[in-house]
Amino acid sequence: MTLLKSNRLAEPQFASHDALQPGGAALSTTATNQTVDTFTKTQYRSAKYLVQASAGSAYHCSEVLLIHDGTNTHMTEYGVIYTGSSLYTVSSDISGTTVRLLCSPVNANTTIKLQRLTVVA
């Protein structure tokens, strides 16, 4: 910890000014592992996502926690809720210097909307 001139501890920086980011993708096919969000692995260590999908009148929402060690990603999905049946599965990986959140939609023409909260590396 760093001491301020007033002898109080300085607050460590956990999140940057751009830590909360909206995003999304229009997925026109059912191809597996389509990229719906990315961030630089050296800038952020972990992320929390709120993912929402729609296809016609069907809806699906879940939360995803993701962390990486610079080589591999580790994630869990929870809080899953949908109308009717599931619209997607999520996964993640690292490609070069980029961490990717991937989505495999069940239906063509699925719209993904998301919010990402990141914590600096």
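# Sheets and selected residues

Biologist: How many bridges join β2 to strand β7 (residues 98-105)?

Modeller: Strands β2 and β7 run antiparallel. Two strands pair if DSSP finds at least two bridges between them. The number of bridges joining β2 to β7 is six.

Biologist: How many helices and strands does the protein have?

Modeller: This is a predicted model, in which local features need pLDDT of at least 70 and side-chain atom pairs count only at pLDDT 80 or more, while totals for chains, interfaces and linings use all residues. Residues are numbered from 1 along each chain as its sequence is written, and side-chain values use heavy atoms, with hydrogens and water left out. Helices (H or I, at least four residues) and strands (E, at least two) are DSSP runs, numbered from the N terminus. By that reading, the protein has zero helices and eight strands.

Biologist: Which order do the strands of the open sheet of three have?

Modeller: Strands β2 (34-40) and β6 (88-95) each have a single partner strand and stand at the edges, so one side of each is left without a neighbour in the sheet. The pairing is antiparallel, and the order is β2-β7-β6.

Biologist: Which residue in β7 stands opposite Thr 40?

Modeller: Strands of a sheet pair through backbone hydrogen bonds, either parallel or antiparallel. Between β2 and β7 the run is antiparallel. The residue opposite Thr 40 is Thr 98.

Biologist: What order do the strands of the open sheet of five have, and by what angle are neighbouring strands turned on average?

Modeller: The order is β1-β8-β3-β4-β5, with antiparallel pairing. Strands β1 (20-27) and β5 (73-82) stand at the edges with a single partner strand each, so one side of each lacks a neighbour in the sheet.

Biologist: In β4, which residue is the bridge partner of Ala 53?

Modeller: Strand β3 (residues 44-55) and strand β4 (residues 58-68) run antiparallel and are joined by 10 bridges. The bridge partner of Ala 53 in β4 is His 60.

Biologist: Which two residues form the aromatic pair?

Modeller: A search of the whole structure finds one such pair. Rings of Phe, Tyr and Trp (its six-membered ring) pair if their centres lie within 6.5 Å; planes under 30 degrees apart count as stacked, over 60 as edge-to-face and the rest as tilted. This pair is edge-to-face, with 6.0 Å centre to centre and 75° between the planes, and is formed by Phe 39 and Tyr 44.

Biologist: Are Phe 39 and Tyr 44 buried or exposed?

Modeller: Buried means under 20% relative accessible area, exposed over 50%, and partly exposed in between (1.4 Å probe, protein chains only). Of the 121 residues of the protein, 33% count as buried. Both Phe 39 and Tyr 44 are buried.

Biologist: With which side chain does the side chain of Asp 37 make a polar contact?

Modeller: Asp 37 is placed in strand β2, and it counts as buried because its relative accessibility is 13%. A polar contact is a pair of N or O atoms within 3.5 Å; within protein, one must be able to donate a hydrogen and the other to accept it, and residues adjacent in sequence count only if both atoms are side-chain atoms. At 2.7 Å, the partner side chain is that of Tyr 49.

Biologist: Near what value is phi of Asn 109?

Modeller: Most residues other than glycine have a negative phi, and most peptide bonds are trans. Asn 109 lies in the loop between β7 and β8 (110-120), and it counts as exposed because its relative accessibility is 57%. Its phi is positive, near 60°.

Biologist: Near what value is phi of Asn 33?

Modeller: Asn 33 lies in the loop between β1 and β2. It is partly exposed, with a relative accessible area of 43%. Its phi is also a positive value, near 55°.

Biologist: What distance separates the C-alpha atoms of Ala 121 and Thr 40?

Modeller: Ala 121 is found in the segment after β8, and is exposed with a relative accessible area of 53%. Leaving aside neighbours within four places in sequence, Ala 121 is in contact (heavy atoms within 4.5 Å) with residues including Lys 41 and Tyr 44. Ala 121 and Thr 40 are 81 residues apart along the chain, yet their C-alpha atoms are separated by 9.8 Å.
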